[in-house]
Amino acid sequence: MATWKERRAALRAAVPLDPFVREDGFLLLEEKGGDLQGTCPFHDNDRPTFYVVSSRGFFHCFDCGAHGDVVEYQAKRADMTDEQAIEHLERRVMDGDEPIKYVGGE
Ligand SMILES: [Zn+2]
């Protein structure tokens, strides 16, 4: 049985953060050298303080300090624990009904 840490690492590899965040639907203002910059989904703000560093798989907000990987993004957005977010993402990756279409890259 894989540990939470191993399962999290597998999800980080399987679910690139950039398309995952795009799919979330909030407006991303700019794309720069593979990274995304836009308004933060975790606090009320209309300035582009939120960055998604796709190559390293994490996000960071320079205003409210929100920071993390795809699991933390899911957990924060859906008010889940990290463990619940891991299980939710695993279901999405594996479930034929709701495939994550970008698994394996573009
Ligand atoms: Zn923020």
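Reply: Helices (H or I, at least four residues) and strands (E, at least two) are DSSP runs, numbered from the N terminus. This is a predicted model: local features need pLDDT of at least 70, side-chain atom pairs count only at pLDDT 80 or more, and totals for chains, interfaces and linings use all residues. Residues are numbered from 1 along each chain as its sequence is written.

Me: At what angle do helix α3 and helix α4 pack?

Reply: Two packed helices are described by the angle between their axes and the distance between the axes. Here α3 (residues 70-78) and α4 (residues 82-94) pack at about 105°, with axes 8 Å apart. Axes are lines fitted to C-alpha atoms, for helices over the stretch in contact (C-beta atoms, placed from the backbone, within 7 Å); angles run from 0 to 180 degrees between N-to-C directions. So α3 is roughly perpendicular (65 to 115 degrees) to α4.

Me: Which residues of α3 and α4 meet?

Reply: Val70, Val71, Glu72, Gln74 and Ala75 in α3 meet Asp82, Ala85, Ile86, His88 and Leu89 in α4.

Me: Which residues of α4 are buried?

Reply: An α-helix has 3.6 residues a turn, so residues three or four places apart point the same way. In α4, Ala85, Ile86 and Leu89 are buried (20 or more other C-beta atoms within 10 Å of the residue's own). What covers them includes α1 (4-14) and α3. On the other side of α4, Arg91 and Met94 are exposed (12 or fewer).

Me: Where is Asp79?

Reply: Asp79 lies in the loop between α3 and α4. Asp79 is exposed, with 8 other C-beta atoms within 10 Å.

Me: What is the phi of Asp79?

Reply: Most residues other than glycine have a negative phi. Asp79 is not a glycine, yet its phi is positive, about 55°.

Notes
Angles under 35 degrees count as roughly parallel, over 145 as roughly antiparallel, 65 to 115 as roughly perpendicular and the rest as oblique. Two residues are in contact if their C-beta atoms, placed from the backbone, lie within 7 Å.
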